[in-house]
Amino acid sequence: ALALQRYKKVVDMFSYIDNYKEENKEKAKDLKKTCQLNKAACYLKIKEYFEAKKACDEVLKLESQNVKAMYRRAQAQFGLKNFLDCIADCKKVVELDPKNRDARTLVKQAQEGQKEEDKKSKGLFASMCKALGKGPIPPPGKTKPIYDDGDDDDEDMKDGDAEQKDDKEVVTTEEKQKERAEEEGNDRAAGA
């Protein structure tokens, strides 16, 4: 924890290097980068994975091909259970440093972790989907609209417009009006 505080102070001290001479700017950037990497290592030790990832991201902004920063970020991703991101970072590390055994080992661990997460998700979704289809399913066309504005939507259609009925039959507005008139006539006759 003490080392982490010291690294933070050094990073803060070298955050503003505009006033430095040119030859000292590079040294300051390198020292800041080293402190960020050491900060990341400290955060990994105390299992502060999000902070470790942030420290690595800072280094990778300055030097996108930094193997140590990429590997430490992969470790942080693994700790955060972001297995796919961990695998992607490890693959980049192996591309840059083919002999890096630690990255190869971490890839295998991340792949196993992802398999476990996939199994958990599969079980969760399977139990969620079990309930689907158990309730009564109304026949097509028999469901009521969720919101009825009181306006008969059929009146919005102009003469000659067609509407799909029962998935096969096409009915024009004129035919629909005839059907409605017949139904009203039947209702009046039944009521009399």
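Select L37, N38, A40, A41 and L44 in helix 2, then K68, A69, R72, Q75 and A76 in helix 4: the two groups meet, contact meaning heavy atoms within 4.5 Å. By class this contact has six nonpolar, two polar and two charged residues; Ala, Val, Leu, Ile, Met, Phe, Trp, Tyr, Cys and Pro count as nonpolar, Asp, Glu, Lys and Arg as charged, and the others, Gly among them, as polar.

The model is predicted, with local features needing pLDDT of at least 70 and side-chain atom pairs pLDDT 80 or more, while totals for chains, interfaces and linings use all residues. Residues are numbered from 1 along each chain as its sequence is written, and side-chain values use heavy atoms, without hydrogens and water.

Next, show helix 2 (residues 22–45) and helix 4 (residues 67–79) whole; their axes come within 10 Å and cross at roughly 20 degrees. Helices are DSSP runs (H or I, at least four residues), numbered from the N terminus. The pair is therefore roughly parallel, the term for angles under 35 degrees.

Now select V107, in helix 6 (residues 101–130). V107 is buried, at 11% relative accessible area (buried is under 20%, with a 1.4 Å probe and protein chains only). Its C-alpha atom is 5.3 Å from that of I87, 20 residues away along the chain. Leaving out residues up to four places away in sequence, V107 touches I87, C90 and K91.

Move to C90. With the sequence neighbours up to four places away again left out, C90 touches A74, A103, L106 and V107.

Technical notes. Axes fitted to C-alpha atoms, helices over the stretch in contact; angles between N-to-C directions. Parallel < 35°, antiparallel > 145°, perpendicular 65-115°, else oblique. Buried < 20%, exposed > 50% of the residue type's maximum accessible area, 1.4 Å probe, protein only.
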